[in-house]
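Welcome, and please have your viewer ready. We will go from one selection to the next and look at what is there.

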Amino acid sequence: MQQIAYVQPQNALVIADDSDVFLLLMHYSYIRAITGKVYMASPIEGRAVLDICAATKNHHDIVPHLLAAHGLTGCDTVGTYFGIGKGGALNILLKGYSLSHLGAEGKCLQEVLSQCTEFILACYSQSKCQTMNEARHRARASKVSRSTASALKLPSLPPTDEAFCPNVAPAHFQ
């Protein structure tokens, strides 16, 4: 990506099968560090070739938040949340939720935590809650009232506020 941004070829084909590469290409295309046509193809035969510029144009509203959502929902250095995948996070972005504070210089961790809490609560369908602890309590009460045969699986609940903060901090500072 750095080479494409530096050389600025009219056309470039990136051979990769990694969502991180896809998101970074979209990010650099969005901020106009890459101005030519960029395509991404999987090394696995039969998969589609992706037009990065077209994808960036089609998803212009959410592209600024994709890297943040990707990092927040789990990457190499940030833990994942049980039951929340990249597709779920994408759906929340499409509903208009923002992660503009995550990774932004000058934003204090409390501002970032507030916005990330709202986002993750929406991922857990707990947008009426104010805290992760409240969402965890409501989710637990709902699951216990519906289930009579099996034990509650704690990882399926939203994290506590105390567990959430150490997960957000590395996502913000990266």
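Two strands count as paired if DSSP finds at least two bridges between them. Helices (H or I, at least four residues) and strands (E, at least two) are DSSP runs, numbered from the N terminus. This is a predicted model, in which local features need pLDDT of at least 70 and side-chain atom pairs count only at pLDDT 80 or more, while totals for chains, interfaces and linings use all residues. Residues are numbered from 1 along each chain as its sequence is written, and side-chain values use heavy atoms, with hydrogens and water left out.

**Stop 1: the sheet**

Select β1 and then β2 (residues 37-41): five bridges join them in the parallel sense.

Contact means heavy atoms within 4.5 Å, and angles run from 0 to 180 degrees between N-to-C directions, with axes fitted to C-alpha atoms, for helices over the stretch in contact.

**Stop 2: α4 and its surroundings**

Select α4 (residues 63-72) and α5 (residues 86-94), whose axes come within 10 Å and cross at roughly 140 degrees. That makes α4 oblique to α5 (under 35 degrees is roughly parallel, over 145 roughly antiparallel, 65 to 115 roughly perpendicular, and the rest oblique). Show side chains for the contact: His65, Leu66, Ala69 and His70 come from α4, and Lys86, Ala89, Leu90 and Leu93 from α5.

How many residues of α4 are buried? Eight of its ten are, where buried means under 20% relative accessible area, exposed over 50% and partly exposed in between (1.4 Å probe, protein chains only). Among the buried ones are Val63, Ala68 and Leu72. Their cover includes α2, α3 (52-58), α5, α6 and α8 (161-173). Just after α4, click on glycine 74, which takes a positive phi of about 120 degrees.

**Stop 3: threonine 117**

Finally, go to helix α6 (residues 109-123) and pick threonine 117. Threonine 117 is buried, with a relative accessible area of 12%. Leaving aside residues up to four places away in sequence, threonine 117 touches Gln130, Met132 and Phe164.
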